[in-house]
Amino acid sequence: MSTRDRRWRMLLATLLAAVLTAWASPAAMAQNYVPISGAGSTWSFNALDQWRKNVLQYGMRISYSGTGSTDGRNQFKAGQVDFAVSEIPYGLMDNGVRDSPPTNRGFAYMPIVAGGTSFMYNLTIGGKRVTNLRLSGEVLAKIFTGAITNWADPAIKADNPGLQLPARKVVPVVRSDGSGTTAQLTMWFAAQHGGIWDAYCRKAGRSAPCGSTSDFPITPAVVGQSGSLGVTSYVRQQQSEGSITYVEYSYARNAGFPVAKVLNQSNYYIEPTAQSVAVALLQARIAPDLTQDLRSVYTSRDRRAYPLSSYSYMILPTTESGKFNRDKGRTLSDFAYYFLCEGQQQADRLGYSPLPINLVTAGMQQVARIPGSTRQRVDISKCNNPTFSRDGSNTLARTAPNPSECDRKGATQCAQGTGGARQETPVGTGTGRGTGTGTGTASRGQGTANQTGGPAGNTGTDPAAQSGQTGDSATGPQSQAAIDPETGEVIGGTEVLGASAIPVSVQLRDNNFVLLSVLAVVLLTGLIIGPPLIARALRRKEGP
C-alpha cells in the first residue's frame with residue numbers, strides 16, 4: 001500500500017472514530033432534553049436526589065428542592081415548578097382549612113417509593129450510645145405531646161426491660177415547616193391514639209378532634225426545626241443528648257444514628273426496613289387515583305409489619321399550562337420511566353422500600369398522561385425490582401424474615417443496633433440477649449393484600465407467607481459509619497449512602513440518531529473502498 005493510501009485510510013479512520021464517539025455519547029443521544037424543576041417532600045429527597053444524579057449521564061437536568069410537601073404542593077398549584085412530591089394529596093382538611101387542588105392545570109398522582117417514618121434518637125448509658133431502644137405507639141404519642149418528659153419514665157422502662165435508662169429529660173424535636181412527614185405521623189396519632197393527640201391540640205390552641213396536620217402544633221414541650229435535614233442535624237449533635245425526632249429512615253441511616261423499634265399489633269417491636277415496610281403495605285388500600293388509605297396498615301396483624309409505613313407521591317402535570325410544555329414533558333416522562341424501573345433497584349440501599357408491581361404498572365400509565373410523554377413500552381419484567389415475582393405477589397414481603405423472639409413484648413430485649421448504628425447495646429442479665437435470628441416458624445395468613453387500584457387493575461392477594469430464612473430482621477446499610485460513642489460523630493468521614501451515580505439503562509430517543517448512524521455507515525464504507533478508488537484515479541491522472 002502506498003504512502004498516499006495509508007494517509008487516506010488514517011484520515012477516514014479518524015473521522016469515523018469521531019462520529020462513533022459522538023454517536024455513543026449520552027449527551028448526543030439526549031441533547032434535546034430541556035431542564036425541569038420540582039419541589040416538595042424532604043421525606044423522599046434522598047431518593048429523588050440520587051435518581052436525578054443517575055440520569056445526568058443522559059443529558060437530563062432535573063433540579064429538586066426539598067422544601068416540604070406543603071410548599072411543593074403550593075408551588076405546583078402556582079405553576080412555579082414542573083412537578084411536586086408530597087406524602088399527602090390535595091383536598092385534605094388541615095386545622096380547619098381545606099388544601100384545595102389546582103384549578104388552572106391538570107394533575108395526577110404517581111407513587112414513587114415506599115418507606116417508613118422512623119424515630120431517630122440520641123441517648124447514652126454510661127457514655128455508650130443506646131442503639132436498641134423500643135417504644136410503643138402510646139409512649140411515642142406521649143413523648144411528642146409532652147406527657148412523658150423523662151427517659152426513666154416507667155412506661156419507657158416497660159418497653160425496654162433490658163436497659164437502665166438515664167433520668168434525662170426527653171427533648172422531642174418536630175418539623176417547624178409544613179411537612180408530609182408530620183402529616184403521616186399525626187394521621188397515625190389521630191387514628192391510633194386520638195385521645196392523647198386531641199388533648200395536646202387543645203392545649204396548643206387548636207380545636208379537637210385535631211386529625212392529621214402538616215404543621216405540628218408548637219408548644220414549649222417541643223423543639224421545632226425546618227426540614228428533615230434540620231431535625232436530623234439537631235438530634236445528632238453532642239449537646240442534643242436526650243432528643244428524639246421523626247424522620248424518614250434514610251436520614252437516620254445516613255447520619256449513622258439508631259431508630260426506635262416500634263410496637264406493632266402483634267406485640268413485636270419492628271424496625272422500618274425495606275422488608276418490614278413491604279409487609280405492612282400489603283394492607284394499604286389504593287384508590288383509583290392511586291392515593292393511599294393507611295388505616296389497615298396501622299393495624300396489620302403480621303408480626304413482621306412496621307406500623308408507620310407509607311408511599312410518597314409525585315404530582316404530575318397532565319395539561320400544558322404556564323411554563324410547562326411538551327418539551328419539558330418529554331424530560332419528565334423519561335425521568336419517571338427511569339425511577340419507576342431501574343431506580344427502584346436502589347430503594348433499599350437508600351433507606352426506602354421499592355414499589356410493588358401493581359403500582360409500577362399504574363405509575364407508568366400515569367406517565368403516559370404527561371403532555372409530550374415518550375410513551376415508552378417498558379418491559380417491567382426486566383426492571384429487576386426485588387418486589388416482583390412470576391405470580392404477581394410481593395417477593396420482598398413474602399420472603400421477609402420473622403422477628404426475633406427477643407423483639408416480642410415482654411421480659412426479653414434484643415441487643416443488636418438499628419438504623420445507621422448497628423453496634424450492639426448490652427442488655428441486662430436474664431433478659432434474653434438477642435442475636436437477631438429469625439424464629440424459623442411461619443408467620444402466614446395474617447391478612448391479604450388490599451392493594452386494589454383502578455388504573456393498576458390488580459386485586460390480587462399476597463398473604464404474608466413463611467420466610468424460611470434466618471438472620472436479623474433488620475436489613476443493615478450497605479456501608480456503615482463508625483460512631484464515636486461519646487460524641488455521636490462519624491469517625492473517618494464514611495461516605496454517605498447513595499452518593500455516587502450508578503450507570504443505568506433507559507430508552508432514549510433523539511432526532512440525530514438516524515443521521516449519525518447513516519454518516520457512520522458512509523464513513524465506514526469510505527474507509528474500506530475509498531483509498532483504492534482514489535489511488536486509481538490519481539494514477540490515471542499521472543499517466544503511464
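This is a predicted model: local features need pLDDT of at least 70, side-chain atom pairs count only at pLDDT 80 or more; totals for chains, interfaces and linings use all residues.

Colleague: In what order do the eight strands of the open sheet run?

Modeller: Strands are DSSP E runs of at least two residues and helices are H or I runs of at least four, numbered from the N terminus. Two strands pair if DSSP finds at least two bridges between them. The pairing here is mixed, and the order is β2-β1-β3-β17-β6-β12-β10-β11.

Colleague: Which are the edge strands?

Modeller: Look for strands that pair on one side only. Those are β2 (62–65) and β11 (223–225).

Colleague: What angle does α4 make with β3?

Modeller: Axes are lines fitted to C-alpha atoms, for helices over the stretch in contact, with angles from 0 to 180 degrees between N-to-C directions. Contact means heavy atoms within 4.5 Å. α4 packs on the sheet, touching β1, β3, β6 and β17, and its direction makes with that of β3 an angle of about 155°.

Colleague: Which residue stands opposite serine 86 in β17?

Modeller: Strands β3 (residues 83–86) and β17 (residues 309–317) run antiparallel, joined by three bridges. Opposite serine 86 stands tyrosine 313.

Colleague: And which helix lies across β6, β10, β11 and β12?

Modeller: This helix covers residues 227–236 and runs at about 150° to β12. Its name is α9.

Technical notes
Residues are numbered from 1 along each chain as its sequence is written. Side-chain values use heavy atoms; hydrogens and water are left out.
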